[in-house]
Structures are given as C-alpha cells and as structure tokens.
Amino acid sequence: MPPPPWTSTPDTTRSRWKELFATAPHGCVDVAGACPVCGEAQLHRHYQLGRSLARVVDGEYYISEGRVWEWCSACRTYEHGTALVPLWWNYYLHLDIEPNQLTATPDALEEAVQRRRARFHEPRQVPVVEMRSFDGTTEEVVARFVLTITGQVVTIARTEHIRQVADKRVARVPGARDTWLTRDDGLAFLEELPPNLRGSRIFATKVFEMDETAAMTLPTQ
Ligand SMILES: [Zn+2]
C-alpha cells in the first residue's frame, strides 16, 4: 500500500506549526515538540542553501536565501517554501540527500530520515588505533583513538589524566610532504600514528576496526 499523500498544514493549526518551528532550539533536522496536527513527539526540517547573503534578523544570523521543508513523518503534514537559512544550519549533521532529489513534497527527505533511523540501530564498525604499553611481560591498552561516524577522532582512556597525556603525545604528527596531521584529518591522522609512535614501551597499533560501542569504552581499573 503506498503511503498516504502529503498534505499542507490545515488552517486551524498553521499558526501553532509556525510557532513551533520558529521557537525550536537550534538542532538541525529533528525538532522536538508535539505535532500540532497529530501529536507526534518529533518533527523534521531541512534547509536547502541558495544564494549566499549575510543578514541579521531579530538577532539571528542568516547565511543564504534558500528553501525549507518542515514535516511530520507520522501524519505526513508538511510545509515547503522559500526561507532564509540560519547560520547554525551549517554546524550540524545533515540528512544524506542530494539536492537533485528534492521535490516540493518531502518524499526523499522522509526516506533519508528512515535510512538514518535504520543505520542508527545497526551495529557499526569504526576505525581505531590503540596506544598500548608494554612493560616486558604485559601489554595494556593505554588509550584508544576512535574515528566516529561524524568524522571526529575522539580519545578514550581510563582516566582524564591519561587522556590528556595521550592527546598531547599525538597533538600533531608529520604527514606526507612536510605537512602536519591533527585529529581533524580523521583516518589519515590515524594511519600516521603507528609509524610515529613506536617506542619500546609505548606504541600505537595499526588501524583496525571495532564495534563502535566497544570502541567507545575502556574498562577502568
Ligand atoms: Zn503529525
């Protein structure tokens, strides 16, 4: 059975809908708040960037003319129109969608929300490098550098002190052609850790993959 058609906000709830999106805290695609039409606890929005501009309206910074979609996955109510794109939109993770997939109704956007939901529940493997110590008899994990789904390299260690020491040790590592790599370089940074950290007592493993949940925890002693 095909999903029910998208319908625009009924007149009776339009002002509540507008108010809800206008006052929702910054936070990208997902908007907390009961759908004025069906009561669903979460709504969604997506901005498409257009011509760049810089404007301040009521203390809010805008970076582009563009388009906005606001929708409810449950009752398939939606709004679509031109809009100024706020600065904060740039700072959050967006839906995995190509501009040419966008149509007036949020079909492709809703599919992207569903794909993201499915991905979220799948166990994921993430690339990691472990900093290990060896005292002649035992090998131990000192810290773990994990490349997360957002492209950030995070450091997991038993204590905050160890984390800071480990971070300092690999603050930057030499890369190819006289460049320096930092954790912002993601996988390239991880790959340069083993050749740059290979003492007899402290060394870095090669990049390997781990279950994300396991990777993000290091047992405390
Ligand atoms: Zn709804």
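Leaving aside neighbours within four places in sequence, which residues is Phe 145 in contact with? They are Val 128, Val 129, Val 153, Thr 155, Leu 190 and Leu 193, where contact means that the C-beta atoms, placed from the backbone, lie within 7 Å. This is a predicted model, in which local features need pLDDT of at least 70, side-chain atom pairs count only at pLDDT 80 or more, and totals for chains, interfaces and linings use all residues. Residues are numbered from 1 along each chain as its sequence is written.

**Overall form**

- The chain has five helices and 12 strands; these are DSSP runs numbered from the N terminus, with helices being H or I of at least four residues and strands E of at least two.
- The radius of gyration, taken over C-alpha atoms, is 23 Å for the chain, well over the 17 Å that the globule rule gives for 221 residues, so the chain is more spread out than a compact globule. The globule rule is 2.2 Å times the number of residues to the power 0.38.
- The C-alpha trace spans about 75 × 40 × 30 Å along its principal axes.
- Domain 1 covers 7-121 and domain 2 covers 125-215, with bounds that come from an automatic or database domain assignment.
- Taken over C-alpha atoms, the centres of domain 1 and domain 2 are 37 Å apart.
- Of the contacts between residues at least 6 apart in sequence, 48% join residues at least 24 apart.

- Five strands in the order 1-5-4-3-2 make an open sheet with mixed pairing; two strands pair if DSSP finds at least two bridges between them.
- Strand 1 (7-8) and strand 2 (30-32) are the edge strands, each pairing on one side only.
- Strand 4 (residues 60-71) and strand 5 (residues 77-86) run antiparallel and are joined by nine bridges. Within this pair, Trp 69 has His 80 of strand 5 as its bridge partner.

- Strand 6 (residues 125-134) runs antiparallel to strand 7 (residues 139-147), and seven bridges join them. Met 131 stands opposite Ala 143 in strand 7.
- The hairpin of strand 6 and strand 7 has four residues between the strands, and Gly 136 in the turn has a positive phi of about 105 degrees.
- Strand 7 also pairs with strand 8 (residues 153-157), in the antiparallel sense and over five bridges. Arg 144 stands opposite Ile 156 in strand 8.
- Five residues lie between the strands in the hairpin of strand 7 and strand 8, where Gly 151 takes a positive phi near 90 degrees.

**Burial and nonpolar cores**

- Buried residues are 20% of the 221 in the chain. A residue is buried if 20 or more other C-beta atoms, placed from the backbone, lie within 10 Å of its own, exposed if 12 or fewer, and partly exposed in between.
- A nonpolar core is a set of buried Ala, Val, Leu, Ile, Met, Phe, Trp, Tyr and Cys residues joined through C-beta atoms within 7 Å.
- The largest nonpolar core has 18 residues, of which Val 129, Phe 145, Val 146, Val 153, Leu 190 and Leu 193 touch the most other members.
- Strand 6, strand 7, strand 8 and helix 4 (187-196) are the elements that give two or more residues to this core. Strand 7 gives the most, with four residues.
- Apart from this core lies another, of 10 residues, among them Cys 35, Val 37, Leu 43 and Trp 69.

**Gln 114**

- Gln 114 is found in helix 2 (residues 107-121).
- With 11 other C-beta atoms within 10 Å, Gln 114 is exposed.
- The C-alpha atoms of Gln 114 and Ser 73 are separated by 9.3 Å, and the two residues are 41 apart along the chain.

Terms used:
Two residues are in contact if their C-beta atoms, placed from the backbone, lie within 7 Å.
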